[in-house]
Amino acid sequence: MKPVIALVGRPNVGKSTLFNRLTKSRDAIVADFAGLTRDRHYGDGRLGDREFIVIDTGGFEPDSSTGIVKEMAKQTRQAVAEADAVIFVLDIRTGLAGQDMDIGRYLRQCNKRVFVAVNKAEGMSDSPLMAEFHELGMGEPHPVSSAHGQGIRSLLEAVLDSFDEGRATDDDVAFDGDAPDEEGDEPRAIRLAVAGRPNVGKSTLINTWLGEERLVAFDMPGTTRDAISVDFERNGQKFKLIDTAGLRRKGKVFEAIEKFSVVKTLQAISDANVVLLLIDATQGVTDQDAHIAGYVLDSGRAVVVAINKWDAIDSYQRETIERQITTRLAFLRFAPILQISALKRQGLGPLWKALADSYSSAYKKMTTPVLTRLVHEAVEHQQPKRAGLSRPKLRYAHQGGMNPPIVVIHGNALEGVSDVYKRYLEGRIRDHYKLVGTPLRIEMRSSK
Ligand code: GDP
Ligand code: GDP
């Protein structure tokens, strides 16, 4: 499971700048459940092949007890509680402030690994000003410049190495018996995550599934970090239901727990092959649904969208929500969209089929001769536009990965291929292989 790193510090030290530097991506999911003005932000980061989740918090002022300040302190406490490690961000230009000492005191009680990052230190890594930060007594301070990207790698290495140390022993005691998937090989069981806001019907659906007699469920005890996973079989297809955010297992049934965990959602999605995104028909498509959907898209996982509680809405509402789906979730155009009722057990047959189809699409094997022929036919039908002096030449294509499938196209002057043309190619490849429910990535590789 991806480790979680929280960024903590008083306002203006550069947490958001560091967050953007670490995640290099748009925010994954904004935790707007509490309706706060300053929220926690979650994003994905990667250093080499090591992946992690970063949480950014909106400042922290533990001693004040009024309004927004108190809320921000609460946000920070929650972020620290969710995290495996904390990066305590400070500002070399202001030096240690009283607030920093307060935060330091708080962090010392938390029993989390804390790494001290002294920000805005561009060109100042050997400065005597660094000495002051030893006073915190929280280990060697790391001089960094979030704005200029200095010192970030060595800070991250220190943080990530600390996880690796722990992991070696963790694996020995708590290996869940499911060998990691071989690169490129279709895993035996579909790793399925059910994602969605609180109350969309996740636990109802899962209990309905697990309660069906035709479905053989195997009891799996929780493994590391309270992870829940349940293996079951349906129509001869094995599924592994991944620890699902916002749910707790109570005996044989799942129940919704009050608190939605963004971290669990992110981890479940990145751990899955296929994500089932549930939308509540009675609520329409909310911002939070769109955030989760955007994250699923970025993850490259296969995805099926199910609009639940279809039984509870009238025909006018049905039209409205279908319109909302096509506009607000337009970027998931490739995903099958189904109408279901977990409560009334309606639409579940087609749902199983959609999940299995998306999975096999995600692991579709595409051979070089067929891909190359498809690309040539596409070019014959419609040439890419000239870019400057040269016209891009698409020569051959091969498959570069699965889940999501990646098609690598080789040729000359491919930098000039427009996004529109890439989408055209994607469409033709999708049609040929009848891909549903999976993103398809097209990469261009020019030889000089
Ligand atoms: P936050 O309130 O802790 O999230 O801080 P921000 O990320 O919003 O940054 C506060 C200010 O510090 C902004 O004006 C940033 O441009 C600036 N800043 C952030 N990182 C650096 C840095 O590495 N060097 C310098 N000189 N300025 C920085
Ligand atoms: P979770 O928080 O996503 O796990 O949501 P729950 O499974 O706890 O469901 C939240 C509420 O929605 C409960 O009161 C369920 O009975 C109700 N619900 C779930 N699925 C359906 C459905 O298909 N139709 C209707 N009408 N209500 C449903």
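Asparagine 111 has 8 C-beta neighbours inside 10 Å, so it counts as exposed. That rule runs through this report on a predicted model.

## The chain as a whole

The chain has 448 residues, and 39% of them are buried. It holds 11 helices and 19 strands.

## Around ligand 1

Ligand 1 is surrounded by 16 residues. Gly14, Lys15, Ser16, Thr17 and Ala147 are the closest. By type, the shell splits into 10 polar, 3 nonpolar and 3 charged residues. Which element gives the largest share of this shell? Helix H1, residues 15-23, does, with 3 residues.

## An enclosed strand

Strand S14 covers residues 274-280. All 7 of its 7 residues are buried, so the strand is largely enclosed by the rest of the structure. Both faces are covered. One side carries Val274, Leu276, Leu278 and Asp280. The other carries Val275, Leu277 and Ile279.

S14 also has partner strands. Strand S8, residues 190-195, pairs with S14 in the parallel sense over 4 bridges. In that pairing, alanine 195 stands opposite leucine 277. Strand S15, residues 302-308, pairs with S14 in the parallel sense too, over 7 bridges. Here isoleucine 279 stands opposite isoleucine 307. Between S14 and S15 the chain passes through helix H7, residues 287-299, and this β-α-β crossover is right-handed.

## A three-strand sheet

S17 and S18 pair in the antiparallel sense over 7 bridges. Lysine 393 stands opposite asparagine 412 in S18. The other pairing runs parallel: 6 bridges join S18, residues 406-412, to S19, residues 441-446. Isoleucine 406 has arginine 441 in S19 as its bridge partner. The chain goes from S18 to S19 through helix H11, residues 419-433, in a right-handed β-α-β crossover.

| Strands | Sense | Bridges |
|---|---|---|
| S8 and S14 | parallel | 4 bridges |
| S14 and S15 | parallel | 7 bridges |
| S17 and S18 | antiparallel | 7 bridges |
| S18 and S19 | parallel | 6 bridges |

## Leucine 107 in helix H3

Leucine 107 is found in helix H3, residues 98-109. Is leucine 107 buried or exposed? It has 21 C-beta neighbours inside 10 Å, so leucine 107 counts as buried. Its contacts, leaving aside neighbours within four places in sequence, are Val8, Val86, Phe88 and Val114. Valine 86 and leucine 107 are 21 residues apart in sequence. In space, their C-alpha atoms are 8.5 Å apart.

## Backbone details in the loops

Asparagine 111, the exposed residue of the opening, lies in the loop between H3 and strand S6 (113-119). Its phi is near 60°, a positive value in a residue other than glycine.

Alanine 413 also has a positive phi, of about 55°, although it is not a glycine. This residue sits in the loop between S18 and H11.

Proline 404 lies in the loop between S17 and S18. What is the form of the peptide bond from asparagine 403 to proline 404? That bond is cis, with omega near 10°.

How values were computed
Residues are numbered from 1 along each chain as its sequence is written. Chains are lettered from A and ligands numbered from 1 in the order in which they are written. This is a predicted model: local features need pLDDT of at least 70, side-chain atom pairs count only at pLDDT 80 or more; totals for chains, interfaces and linings use all residues. A residue is near a molecule or strand if its C-beta atom, placed from the backbone, lies within 6 Å of it. Helices (H or I, at least four residues) and strands (E, at least two) are DSSP runs, numbered from the N terminus. Ala, Val, Leu, Ile, Met, Phe, Trp, Tyr, Cys and Pro count as nonpolar, Asp, Glu, Lys and Arg as charged, and the others, Gly among them, as polar. A residue is buried if 20 or more other C-beta atoms lie within 10 Å of its own, exposed if 12 or fewer, and partly exposed in between; C-beta atoms are placed from the backbone. Two residues are in contact if their C-beta atoms, placed from the backbone, lie within 7 Å. Two strands pair if DSSP finds at least two bridges between them. A crossover is right-handed if, with the strands pointing away from the viewer, the path from the first strand over the helix to the second runs clockwise.
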